[in-house]
Amino acid sequence: MRPDRPTLERQLPRLFLVLLLALLVLTAWQWRHGPPLSAGLLDLLPRGSGDARLEQAERRMQEPLNRELLLLIGHPQRQQAIDLARQLGRDWQASGRFAQVQWRLEADLAAVRQQLHASRLALLPSADRRLLVEQPDAFIQQRAAELFDSFAGHGLLPAAQDWLGLGLRAQQAIAAQGPVQADLGSGVLLLEADGMSWALLRARSHADAFDLQAPPAIAAELQRVRAALQQQGAQLLASSGVLYAAAGQAGPAARSACSAAPRCSAPCCSCCWPIVEPRHCSACCRWPWPCSPAVPPACWCTARSMR
């Protein structure tokens with residue numbers, strides 16, 4: 001009869017199960033408010049007690065970087081660039097891949113007028129401000145000539161709310177600062193550069209750049225759209241934090257796939273090696289030949305002679 005094992009050895013499986021259960025309970029308690037890990041580098045910064053508004057401001061600043069996607073669709077013909085941007089925007093909006101897709105200017109004119117009326121002095125160019133302070137008579141004469149000139153530009157603010165023309169001058173200064181202009185017929189924002197017309201399209205993704213599935217899917221969609229536009233003689237430029245995240249995920253994923261085969265094959269070989277017993281034929285072989293214990297000793301030379 002076999003002797004009984006010691007008491008401690010018999011209790012080891014139960015002790016292992018108890019420790020495993022305690023580990024599972026501890027893990028569930030740590031994940032009660034979500035995963036305890038974070039991929040944000042800003043979490044490494046020290047935080048104080050009054051950082052609630054700072055965190056809210058950081059989230060607002062990071063949201064466009066982590067979710068928004070800016071595209072420029074270029075074509076030598078202006079109308080063709082507008083049509084391609086409009087068609088891509090409608091396709092993405094109908095597909096539901098993105099939370100928001102915007103390819104034309106949709107401004108609230110009432111809110112824009114109110115904001116322009118409230119900050120027209122702050123937006124006034126320095127040259128016009130200097131002319132108003134140093135030579136008010138010349139400034140009034142220029143404004144009177146603009147009021148009687150029917151071909152002069154009209155601003156968003158009516159003349160009753162902008163007698164001195166400060167809002168009109170501020171509006172003209174803002175429009176002249178950037179190269180992006182709005183097409184009045186379609187509302188698409190256009191940029192003229194290098195003999196091509198570039199249409200602007202903006203999209204907002206459902207997930208942010210730290211998601212594991214959304215960045216690669218968006219990058220693959222952009223590759224498909226770029227190939228389709230190149231067939232029509234157009235070009236595509238894209239910029240987004242989601243694309244940087246997709247590029248960052250592609251490198252580690254490729255390296256992990258390359259190193260997965262050696263990591264998986266090494267344990268299998270180490271487990272199968274004790275089953276195989278190395279034997280050799282002392283007559284003609286110097287190196288041992290692995291063979292199964294159930295098979296008689298053989299060598300490669302014997303197998304070759306049997307062919």
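**View 1. A99 in strand β2 of a predicted model.** Strands are DSSP runs of E with at least two residues, numbered from the N terminus. The model shown here is predicted. A99 sits in one such run, strand β2, which covers residues 98-102. Is A99 buried, partly exposed or exposed? Its relative accessibility is 48%, so A99 counts as partly exposed. Look next for its contacts. Leaving out residues up to four places away in sequence, A99 touches R204, S205 and H206. Now find A207. A99 and A207 are 108 residues apart in sequence. In space, their C-alpha atoms are 9.0 Å apart.

**View 2. Strand β1 and its two partners.** Strand β1 runs over residues 68-75. Of its 8 residues, 6 are buried, so β1 is largely enclosed by the rest of the structure. Which strands pair with β1? One is strand β5, residues 196-205. β1 and β5 pair in the antiparallel sense, over 8 bridges. Another is strand β6, residues 235-239. Here 5 bridges join the strands, and they also run antiparallel. Take L70 as a landmark. Its bridge partner in β5 is R202. In β6, L70 stands opposite S239.

View 3. H75 lies in strand β1. Is H75 buried or exposed? With 9% relative accessibility, H75 counts as buried, because the cut-off for buried is under 20%. The side chain of H75 reaches the backbone oxygen of Q232, at 3.5 Å. Which residues does H75 contact, apart from neighbours within four places in sequence? They are Q80, A81, L84, M196, S197, Q232, G233 and A234.

View 4. Helix α8 spans residues 214-231, 18 residues in total. From first C-alpha to last, α8 reaches 26 Å. That is close to the 26 Å expected at 1.5 Å a residue. Which residues of α8 are buried? They are A214, P215, I218, E221, L222, V225 and L229. These residues cover an arc of only 125 degrees around the axis, which puts them on the same side of α8. The face turned away from this buried side carries the exposed residues Q223, Q230 and Q231. Just after α8 comes G233, with a positive phi of about 80 degrees.

**View 5. Salt bridges that involve helix α3.** The model has 9 salt bridges by the rule used here. One of them joins R78 and E192, whose closest N and O atoms are 3.1 Å apart. This pair links distant parts of the chain. R78 is in helix α3, residues 78-95, and E192 is in strand β4, residues 189-193. The two are 114 residues apart. R78 is partly exposed, with a relative accessible area of 38%. E192 is partly exposed too, at 46%. R86 and D83 form another salt bridge, at 3.0 Å from N to O. Why are R86 and D83 separated by about one helical turn? They are 3 residues apart in helix α3. D83 counts as partly exposed, at 29% relative accessibility.

View 6. R169 forms a salt bridge with E146. Their closest N and O atoms are 3.8 Å apart. R169 lies in helix α7, residues 166-177, and E146 in helix α6, residues 136-148, so the pair ties together parts that are 23 residues apart in sequence. R169 counts as buried, at 10% relative accessibility. E146 counts as partly exposed, at 27%. Which residues make up the network? Salt bridges link D128, R143, E146 and R169.

**View 7. D194 in a loop.** D194 lies in the loop between β4 and β5. Is D194 buried or exposed? Its relative accessibility is 79%, so D194 counts as exposed. Now check the backbone. D194 has a positive phi of about 55 degrees, although it is not a glycine. Most residues other than glycine have a negative phi.

Note on methods: Residues are numbered from 1 along each chain as its sequence is written. This is a predicted model: local features need pLDDT of at least 70, side-chain atom pairs count only at pLDDT 80 or more; totals for chains, interfaces and linings use all residues. Side-chain values use heavy atoms; hydrogens and water are left out. Helices (H or I, at least four residues) and strands (E, at least two) are DSSP runs, numbered from the N terminus. Buried means under 20% relative accessible area, exposed over 50%, partly exposed in between (1.4 Å probe, protein chains only). A polar contact is a pair of N or O atoms within 3.5 Å; within protein, one must be able to donate a hydrogen and the other to accept it, and residues adjacent in sequence count only if both atoms are side-chain atoms. Contact means heavy atoms within 4.5 Å. The expected span of a helix is 1.5 Å times one less than its number of residues. The arc is that of the directions from the helix axis to the C-beta atoms. A salt bridge is a side-chain nitrogen of Lys or Arg within 4 Å of a carboxyl oxygen of Asp or Glu. Two strands pair if DSSP finds at least two bridges between them.
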